[in-house]
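Here is a short report for a first look at a protein model. Keep the sequence and the 3D view side by side.

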Amino acid sequence: ITFTLKSSGAVWGICSAHSYEVQQTVDVVNWVGEKYGTDNIVLFGSSAGAPIAGTAMAQLQKNRNIIAAYVAVGYTFGNFATLGFGRHFSSVVGKSVG
């Protein structure tokens with residue numbers, strides 16, 4: 001399943017820790033799990049979607065282990081990226097799936 005996040009806006013997203021986008025990701029993953037009866041979902045995030053997917057993965061693992069793998073492409077690390085995505089880094093750095 002491929003989907004595009006409905007953005008809440010750059011400034012609002014930063015101020016709200018992208019919680020709207022994270023919740024969209026959690027909702028889609030839960031829907032896929034229910035619709036297709038699987039607990040082996042690969043979560044793939046690209047660019048700004050990488051840290052958002054990582055935070056969604058951390059939230060999903062609290063309730064049930066539905067994520068089989070997490071792939072982050074073009075993860076937005078660095079000093080400037082920390083302004084917008086710094087809150088997400090701790091969700092994925094040093095974590096393992098499974």
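## The model and its confidence

This is a predicted model, where local features need pLDDT of at least 70, side-chain atom pairs count only at pLDDT 80 or more, and totals for chains, interfaces and linings use all residues. Residues are numbered from 1 along each chain as its sequence is written, and side-chain values use heavy atoms, with hydrogens and water left out.

pLDDT is the predictor's confidence in each residue, from 0 to 100. Its mean over the protein is 75. Of the residues, 64% reach 70 or more.

## Overall fold

The protein has 4 helices and 2 strands. These are DSSP runs, numbered from the N terminus: helices are H or I of at least four residues, strands E of at least two. From the N terminus, the order is α-α-β-α-β-α.

Of the 98 residues, 36% are buried (under 20% relative accessible area, 1.4 Å probe, protein chains only). Take contacts (heavy atoms within 4.5 Å) between residues at least 6 apart in sequence: 70% join residues at least 24 apart.

## Helix H2

H2 covers residues 19-36, which is 18 residues. Its expected span is 1.5 Å times one less than its number of residues. That gives 26 Å, and the end C-alpha atoms are 26 Å apart, so the two agree.

Which residues of H2 are buried? They are Glu21, Val22, Gln24, Thr25, Val26, Val29, Val32 and Gly33. An α-helix has 3.6 residues a turn, so residues three or four places apart point the same way. After H2 comes glycine 37, with a positive phi near 60°.

Notes: Buried < 20%, exposed > 50% of the residue type's maximum accessible area, 1.4 Å probe, protein only.
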